[in-house]
Amino acid sequence: MNWVSIGSLSDIPRRGARCVDTPEGKVAVFRTADDQVYAIDDHCPHKGGPLSQGIVHGTAVTCPLHNWVISLETGKALGADEGAVRTIPVRVEGERLFIALEALASRAA
Amino acid sequence: MSEKLVIIGNGMAPGRMLEHLLEQAPGRYTVTIFNAEPRVNYDRIMLSPVLSGEKAYEEIIIHGDGWYIANNITLYKGHKIIAIDRTAKTVTSDHGVTEPYDKLVIATGSVPFIIPVPGHDLPGVLTYRDLDDVQAMMLAAQSRAKAVVIGGGLLGLEAAAGLNAQGMDVTVLHVMPTLMERQLDPAAGYLLQRAVEQRGIKVITKANTKAITGNGKVGQVELADGTVIPATLVVMAVGIRPNSALAKEAGIAVNRGIVVDAGMRSNDPDIYALGECAEVNGQVYGLVAPLYEMARVTAQQLAGNEKAAFVHMDTPTKLKVTGIDLFSLGDFAEGEDRQEIVLRDAAAGVYKRLVLKDDRIIGTVLYGETADGAWFNDLKKKQTDISPMRDTLIFGQSYQGGAPLDPMAAVAALPDDAEICGCNGVCKGKITGAITAKGLTSLDDVRAHTKASASCGSCTGLVEKLMVLTIGDKYNPAAVQPMCGCTTLGHDEVRRLIMAKRLKTIPAVMQELEWTTSCGCAKCRPALNYYLVCDWPDDYADDYQSRFINERVHANIQKDGTYSVVPRMWGGVTNATELRAIADVVDKFEIPMVKVTGGQRIDMLGIRKEDLPAVWADLGQAGFVSGHAYAKGLRTVKTCVGSDWCRFGTQDSTGLGIRIEKFMWGSWTPAKVKMAVSGCPRNCAEATCKDVGVICVDSGYEIHFAGAAGLDIKGTEVLGLVRTEDEALEHIVALTQMYREQGRYLERIYKWAKRIGIPEIKRQIMDDDAKRKAYFDRFVFSQKFAQVDPWSERVSGKDKHEFRPMASVGFAQAAE
């Protein structure tokens, strides 16, 4: 796997997210209240809303457009809604954050 | 022909007695009640939650007016009986009403004991006895000044906690070395004192009050040791004594209280006494359980059962201060023939002590964790030999016999005759029996049929567990709609508790109100953030991560993830410079759409998030600030051209609109607020479908509110007519503040008004000058912290992370 550095943990607010631009589109990188980090495509399975702009609670995010709740761990919609968004592997080394770019490459293939 | 029953006093004891009597001997008596208080029967035990703001008076009424009508009872409110004529068998009130009786029940209750120190009669010295006292205290608390509570017993501490919750600086004076020494041993008294002090209440023990002094009203309290404590309010809560003066004057035997036999009958066979004014077997009582027992006995006697007799019982004491759990029962003095078991957990603030004699429990003190109180009470009552479980007894019922640590199992294991509700003496079997026999499914039903948890409410959890055990899923605990899936509490309860417990952060709310999720959800977090911003404008740090994206980045998100930007145009007025600046911004950032909004503003749509700070910087150069078109807050004040231009205009509607907008911009509200000012009744600004609107007329300004023109269409209600522009502004601001304080998050003004009632809003804003002024002042205070332009803050670098990507990776030149 090709791990790519994207910055440090403190770049992302707790219970918040930042975007990373990649050739395949935006990836949303989330930091939970207890400093777990997750990355998923910044694209709600419902109508493509930018998940990085949603409210982060527990290990889930609520899409700002129509309130779908997406699990950060599985990328799946929670509750009655059905759909999923791709998850991207994240590695945390101390403060440094990496995402696995090959996952993106294989997706493009 | 029915007999005439007259009751003097309308407290909880005679109220309960009537319930029993109506059940046992319906129609036997024609009942007349004289109540010195000008109101119906309410739950006096719940005055403390009223004082602390956790409950409203309406919630503690036991019998509403309808109950008296339905049961054909005549209630004279505000009538004090001044004479009993035992020969003629009549009573006479201070308003001159004379009523004959066949049977008379005296239930005059008690009077607070006033320490006869110099200054005890100064204005500002109150007692803690009835709703009038509570209202007087709440009024005094509005000044946020200093209060002294004399008496560190049950009532004194509840009064202190209530005044503290109302924002007063409170000192408790207690003459003994430890608090509540009659109910608590010194160790528990110490823990209690620490908990009380942690709430910011000062406690002085061994305090001997020498005098209350001041210039025409209370100014300070002086102690015997020379200490002087400034205070504008003094509450005396040092005890009560039976109110037996009336009986004494009528020649009825009186000792400490009105002397009655076990059948609650005085030395006049047609006269009974019950409640705090009665003395049975040399004892007088103040806690509700024995008083309700007196009520039961009196009702049976009046119904013809002469064998009914009152038997003394020990009653557990509980303190009704939210967050302090305390239970005390029986005799806990040390003695040679006694042994004790003590458990202390300093970290958790738990102290438990059982006093044993001959392997039986005779006294219990629980502090910090009181769930086993009912079980210990049961063991004591039954005189159970505890030697087989002595080693684990103190850990409570869950630890006995290897039973699991499941509170449900503990309740299931209670015997049928275990007492659940101490106030009303209701045992487990009676509750489960009633649930099954009558098919009860709600807590209110169980309260109505059994009285369990209907008084102080501290056993509500136990009763709910019994309901679940008995009917399982059919029990529907949610009488109110919870805020969201993270809590069982509704919006109103959460708001009240935020104030009452002085919760000032989202984590504090979630911890104290027992949220079931670790950090809430997208429904409750924005609501809590609003409540905290509104309730603690100076203390609370706005939590941007709990705001919806629009309020976090101060622009409106669109379906494609771009944003729209609406600069503020005060009152809808603009000029060439502003329009030129907008045109330049549109060209420079290639903004694809420009549109005029319904609120008389210009909307620029399709702006990339990364461009927002630069767009704002350019707009800011031209003097624009955020139009808050994205906010649950004041949006726009729409105006017509008014008397400056219009040949029909009666007032300067444009000027007033701009003035309102400049005064109120930046304020957060439960839902969006849109306003309008029209210069004449032709109403070109369409003020009569707005949240708040003004129609100018020759004689002044007609203020409208609670209109809607969205999902619902609704014309406004008229708040009232005021003469001047200043008055119009003050009324509108006060109305908005009332809505800010009472509205549920996302509830528009018209829905809030429907819930509260238009007449009540008019009463508070139009008729009650003091209240209106107070609302106005609170709004002005909060604006000090709210009127900061969020755009210029962000142009200066605030929340930079919001507007640029964290990284750009995977592109050819960026690959590492």
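This is a predicted model: local features need pLDDT of at least 70, side-chain atom pairs count only at pLDDT 80 or more; totals for chains, interfaces and linings use all residues.
Modeller: Start in chain B, where helix α11 (residues 428-438) and helix α12 (residues 443-450) cross at roughly 110 degrees. Their axes come within 10 Å.

Biologist: Why is α11(B) called roughly perpendicular to α12(B)?

Modeller: Angles of 65 to 115 degrees count as roughly perpendicular. The crossing here is roughly 110 degrees. Therefore α11(B) is roughly perpendicular to α12(B). The crossing of these two helices is right-handed.

Biologist: Which residues make the contact?

Modeller: From α11(B) come K430(B), I431(B), A434(B), I435(B) and K438(B). From α12(B) come V446(B), H449(B) and T450(B). By class, the contact of α11(B) with α12(B) has four nonpolar, two polar and two charged residues.

Biologist: Now take helix α22 (residues 725-742) and helix α24 (residues 758-767) of chain B. What makes α22(B) oblique to α24(B)?

Modeller: These helices pack at an angle of about 135 degrees, with their axes 10 Å apart. Roughly perpendicular stops at 115 degrees, and roughly antiparallel needs over 145. An angle of about 135 degrees falls between those limits, so α22(B) is oblique to α24(B). The handedness of this crossing is right-handed.

Biologist: Which residues meet there?

Modeller: H731(B), A734(B), L735(B) and M738(B) of α22(B) meet I761(B), Q764(B) and I765(B) of α24(B). Five residues in the contact of α22(B) with α24(B) are nonpolar, two are polar and none is charged.

Biologist: Why is R495(B) called buried?

Modeller: The cut-off is 20 or more other C-beta atoms within 10 Å. R495(B) has 24, so R495(B) is buried. R495(B) sits in helix α14 (residues 491-500) of chain B. The C-alpha atoms of R495(B) and D535(B) are 8.8 Å apart, although the two residues are 40 apart in sequence.

Biologist: And D225(B): how do you know that D225(B) counts as exposed?

Modeller: Exposed means 12 or fewer such neighbours. D225(B) has 10 C-beta neighbours inside 10 Å, so D225(B) counts as exposed. D225(B) lies in the loop between β16 (220-223) and β17 (228-230) of chain B. From D225(B) to K210(B), 15 residues along the chain, the C-alpha separation is 8.7 Å.

Biologist: Which residues touch the most other members of the largest nonpolar core?

Modeller: I6(A), V20(A), A28(A), V29(A), I70(A) and I99(A) do, in a core of 78 residues. Helix α16 (residues 524-535) of chain B gives the most to this core, with eight residues.

Biologist: Why group nonpolar residues this way?

Modeller: In soluble globular proteins, nonpolar side chains tend to be buried together.

Biologist: What does V29(A) contact, leaving aside its neighbours within four places in sequence?

Modeller: Contact means C-beta atoms within 7 Å. V29(A) is in contact with I6(A), I12(A), A17(A), R18(A), V20(A), V37(A), A39(A), L97(A) and M806(B). There is also a second, separate core of 77 residues, which includes L5(B), V254(B), C423(B) and L440(B).

Biologist: How many helices and strands does chain A have?

Modeller: Chain A has one helix and ten strands. Along the sequence the pattern is β-β-β-β-β-β-β-β-β-β-α. Of the 109 residues in chain A, 46% are buried. Among contacts in chain A with a separation of 6 or more, 42% join residues 24 or more positions apart.

Methods: Residues are numbered from 1 along each chain as its sequence is written. Chains are lettered from A and ligands numbered from 1 in the order in which they are written. Axes are lines fitted to C-alpha atoms, for helices over the stretch in contact, and angles run from 0 to 180 degrees between N-to-C directions. Helices (H or I, at least four residues) and strands (E, at least two) are DSSP runs, numbered from the N terminus. Angles under 35 degrees count as roughly parallel, over 145 as roughly antiparallel, 65 to 115 as roughly perpendicular and the rest as oblique. A crossing is left-handed if the near helix is turned anticlockwise from the far one by less than a right angle, and right-handed if clockwise. Two residues are in contact if their C-beta atoms, placed from the backbone, lie within 7 Å. Ala, Val, Leu, Ile, Met, Phe, Trp, Tyr, Cys and Pro count as nonpolar, Asp, Glu, Lys and Arg as charged, and the others, Gly among them, as polar. A nonpolar core is a set of buried Ala, Val, Leu, Ile, Met, Phe, Trp, Tyr and Cys residues joined through C-beta atoms within 7 Å.
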